[in-house]
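Keep the structure open while reading.

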Amino acid sequence: MKLTVRRTYLGDRLCFPEVIPHRLLDVQAAYAQQLERGGVHREDAIARSQRAIPSDLPALLQADPDLTVVRRVFERAMAGAESGDLPEDCTWSSEKALLGPPVGRPSTVWGMTGNYPRTRSDAAAPPQGSEPPRNPTGFLKAAGSLAGPYDDVRYPVISQQVEPEMELAVVVGRRSRGLDVESAMDAVAGYVGFCDISARDISALDNRRMDRGKGFDTFGIFGPWFVTADEIPDPHRLRIRYWVNGELRQDGSTAEMFHTIPEQLAWLTSALTLAPGDVLSTGTPPGVSNVQPGDELRGEIDGLGVIANTVVRAK
């Protein structure tokens, strides 16, 4: 099951993509419609749908970690789509510019560093520098940096070295502390494509601290969908690609990770409590390079869709 976010004047709306061609199906509205058809008064159906299905992914996972109600709504919607029985007023246009980050506003976004080899001699060669670091390392990403899958990337006035990195991100489904490697995957609700962007020169000025250099507005591109874990049988066998102006810069696989997802989760939750909806981004394969205003960016991860962004100079 996939969920995306549609920005509206009523606020962000959780939606199902790909149920109806060229439209997004509003999850709350679809549930209210299903309740009304089952005999519930319309106003009561709307109130019940709003209580059962919060419009923000972290709140939704907090209320229902298994997404039981949403899955039921999705199954009925798919049946309705096949029979041509979905009302138009439960949908939004799928205009790309109006898609927001499907993860909503998580309380914690953690990014892993040094979790992949850094170089390849050529595209067909295995990556070099394959000795795994002794311990995982990482950083907290500013929540204010989050942006949608087709938003412009704003190139900071104070930077001259901006580098995007395409990564697989993990969304936590349950409050988690002290996870062990054997059971850590039970805490994973799903996955999302993530482009972690850095101003390397700013980090260099800040004594190599990454917080500010990775925290600029639009430096955390998420999307286009949150995909539930059951849709991704093996997250350690996904191809990751990233293009700049049509030139392939990154072409790797999550199989190249030094530390697996359960190892990362166990390491991180030995120190932090992760809440439902929190995000762990798992690092990036070789090929990271500098971009400039005017560049066209495109990233793709198997099963998680495509992001596409234009670099513009910040005002």
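Helix α1 (residues 27-37) is mostly covered, with 8 of its 11 residues buried; buried means under 20% relative accessible area, exposed over 50%, and partly exposed in between, with a 1.4 Å probe and protein chains only. The model is predicted: local features need pLDDT of at least 70, side-chain atom pairs count only at pLDDT 80 or more, and totals for chains, interfaces and linings use all residues. Residues are numbered from 1 along each chain as its sequence is written, and side-chain values use heavy atoms, leaving out hydrogens and water.

**Helix α1**

- Helices (H or I, at least four residues) and strands (E, at least two) are DSSP runs, numbered from the N terminus.
- V27, Q28, A30, Y31, A32, Q33, Q34 and L35 are the buried residues of α1.
- These buried residues pack against the strands β1 (2-6), β2 (13-20) and β3 (23-26), and against the helices α2 (42-52) and α4 (68-83); contact means heavy atoms within 4.5 Å.
- At the N-terminal end, D26 caps α1, with a side-chain oxygen 3.1 Å from the backbone nitrogen of Q28.

**Nonpolar cores**

- A nonpolar core is a set of buried Ala, Val, Leu, Ile, Met, Phe, Trp, Tyr and Cys residues joined through side-chain atoms within 4.5 Å.
- The largest core has 42 residues, and L168, Y191 and L265 have the most contacts inside it.
- Leaving aside residues up to four places away in sequence, L265 touches V172, L179, A184, V188, L274 and L280.
- Another core, of 35 residues, lies apart from it and includes V70, A169, F222 and V279.

**Pockets**

- On a 1 Å grid over the protein atoms alone, a pocket is an open set of points where a 1.4 Å probe fits, with protein on both sides within 12 Å along at least five of seven lines; lining residues have an atom within 4 Å of a point.
- The largest pocket holds about 350 Å³ of space, a volume being the space filled by probe spheres set on the points.
- Its lining has 18 residues, and A29, A32, R42, I46 and D89 lie nearest the centre.
- α1, α2 and β4 (91-93) each give two or more residues to this lining.
- The second largest pocket has a volume of about 240 Å³.
- Among its 15 lining residues, P17, E18, L24, S94 and W225 lie nearest the centre.
- β2 supplies the largest share of that lining, 3 residues.

Conventions:
Polar contact = N/O pair within 3.5 Å; in protein donor to acceptor, adjacent residues only side chain to side chain.
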